[in-house]
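This report describes selected packing features of one protein chain.

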Amino acid sequence: MSPGNRMLMVIVLCLLGGSHANLIPHSDIRPAPSHQLLRDFELSLLRMFGLQRRPQPSQEVPVPDYMRDLYRLQSAEDDDELRQINLEYPDRPTSRANTVRSFHHEEHLENIPGTSGSTSIRFFFNLTSIPENEVISSAELRLYREQIDHGPTWEEGFHRINIYEVMKPPTENGQLITRLLDTRLIHHNVTRWESFDVSPAIMRWTQEKSINHGLAVEVVHLNQTKHFQGKHVRVSRSLLPHENSDWSQIRPLLITFSHDGRGHALTRRSKRSPKPQRARKKNKNCRRHALYVDFSDVGWNDWIVAPPGYQAFYCHGDCPFPLADHLNSTNHAIVQTLVNSVNSSIPKACCVPTELSAISMLYLDEYDKVVLKNYQEMVVEGCGCR
């Protein structure tokens, strides 16, 4: 990272960090801080985002369309944008979660016993990247299936998808000891994602520290010829009909919804319009000023998928005596300003944020996992004298 970018990171940290939220960069540039101090600043900022170190994602990491759409639903600015997203917002799972994580299964551990009447595959998802302070509220396994053209008759087109938790390691002959988690009877006449509730298994593995032996997916075809068995349910790369299919976007996807105890849960909402600011060309009183944080300027655009930046704003200005109503002052600030008017040794009230709002961020963590997280108190909505 260049010295200029590091200096910008220091400024951003000062602007966003707690009691220093009212600091602004001045024209009199101070001497550049030491490399150790800059590293400490960067580490502090990363920890504010819940990261232990700066992510260094590989270029091959795919970002699932589901996570992109979920971010867009979470951050949509207007109804027109919402209508362009072909995804139903998961209100119930997100009602108790401020973090959504996605996982692809470990393909090298995939096990296909292969029985004559069904397609059964074992999935293993490595969940060790989930922090211990996060409590899983729900989890779902998403499977993609495609419509079969010129397939069997309507009566022959039904099949059942069963999702199991694998309770013990597979036996020598490949038999799995399982517990049913979810099941669904579906028809081949539509292309769509199917979502299955696997919350009990994920909670056992993460909160009860049970051994993770994986999930088993079974596709049972009813009255269907062998020619069509398993071809349209995308549970394995080996079942793709042709090499041009984008396996990275249609492979099975595990989604976890969790909360780390910080701030409010995710909610579907439109962005609030910035509050109107009174025009004061020469007025130096306390008010909100524009401050756009561009993640590419601090060299973080390689792991932050969205947004590319955001308008954070900052508070700056005088709190003069007497304090006017529009300065949104507390009674204590009014008293302090009154005392300052007769005793200059008592400082004036300070111009600080009085209302803050959250932003959602879609990013790759230290383990190349895609995360959607709601971060509280990131945008200044109002300023006042306190």
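Two residues are in contact when heavy atoms of theirs lie within 4.5 Å. The structure discussed here is a predicted model.

**Arg-142 and its surroundings**

Strand β3 contains Arg-142. The relative accessible area of Arg-142 is 10%, so this residue is buried, the limit being under 20%. Leaving aside residues up to four places away in sequence, Arg-142 touches Tyr-66, Leu-87, Trp-193, Glu-194, Ser-195, Pro-252, Leu-253 and Ile-255.

**Helix α6**

Helix α6 spans residues 199-206, and its buried residues are Ser-199, Ala-201, Ile-202, Trp-205 and Thr-206. These buried residues line one face of the helix, because they fall within an arc of 165 degrees when α6 is seen down its axis. The cover over them includes β3 (135-145), β4 (158-166), β5 (178-187), β6 (192-197), β7 (215-221) and β8 (253-259).

**Leu-222**

The loop between β7 and α7 (247-250) holds Leu-222. With a relative accessibility of 35%, Leu-222 counts as partly exposed. Leu-222 and Leu-185 are separated by 37 residues in sequence, and their C-alpha atoms are 9.8 Å apart in space.

**Aromatic pairs**

In the whole structure, a search finds 7 aromatic pairs. One of them joins Phe-49 and Tyr-375 in an edge-to-face arrangement. Phe-49 belongs to the loop between α2 (35-48) and α3 (65-75), whereas Tyr-375 belongs to strand β15 (residues 370-385); the pair therefore ties together parts that are 326 residues apart in sequence. Phe-49 and Tyr-375 are both buried. Phe-123 and Phe-125 also form an edge-to-face pair, and both of these residues are buried. The geometry of the two pairs is tabulated below.

| Ring pair | Centre to centre | Angle between planes |
|---|---|---|
| Phe-49 and Tyr-375 | 5.2 Å | 80 degrees |
| Phe-123 and Phe-125 | 6.2 Å | 75 degrees |

Phe-49 and Tyr-375 also belong to a cluster linked by ring pairs, together with Trp-300, Trp-303 and Tyr-363.

**Charges over rings**

Which ring has Arg-184 over its face? Arg-184 lies over the face of Phe-196, at 4.5 Å from the ring centre. Likewise, Arg-53 is placed over the face of Tyr-367, at 5.5 Å from the ring centre.

Note on methods:
Residues numbered from 1 in each chain as written. Predicted model: local features only at pLDDT ≥ 70, side-chain atom pairs only at ≥ 80, totals over all residues. Heavy atoms only, no water. Buried < 20%, exposed > 50% of the residue type's maximum accessible area, 1.4 Å probe, protein only. Helix = DSSP H or I, 4+ residues; strand = E, 2+ residues; numbered from the N terminus. Arc of directions from axis to C-beta. Phe/Tyr/Trp six-rings, centres within 6.5 Å; stacked < 30°, edge-to-face > 60°. Lys NZ or Arg CZ within 6 Å of the ring centre and 35° of its normal.
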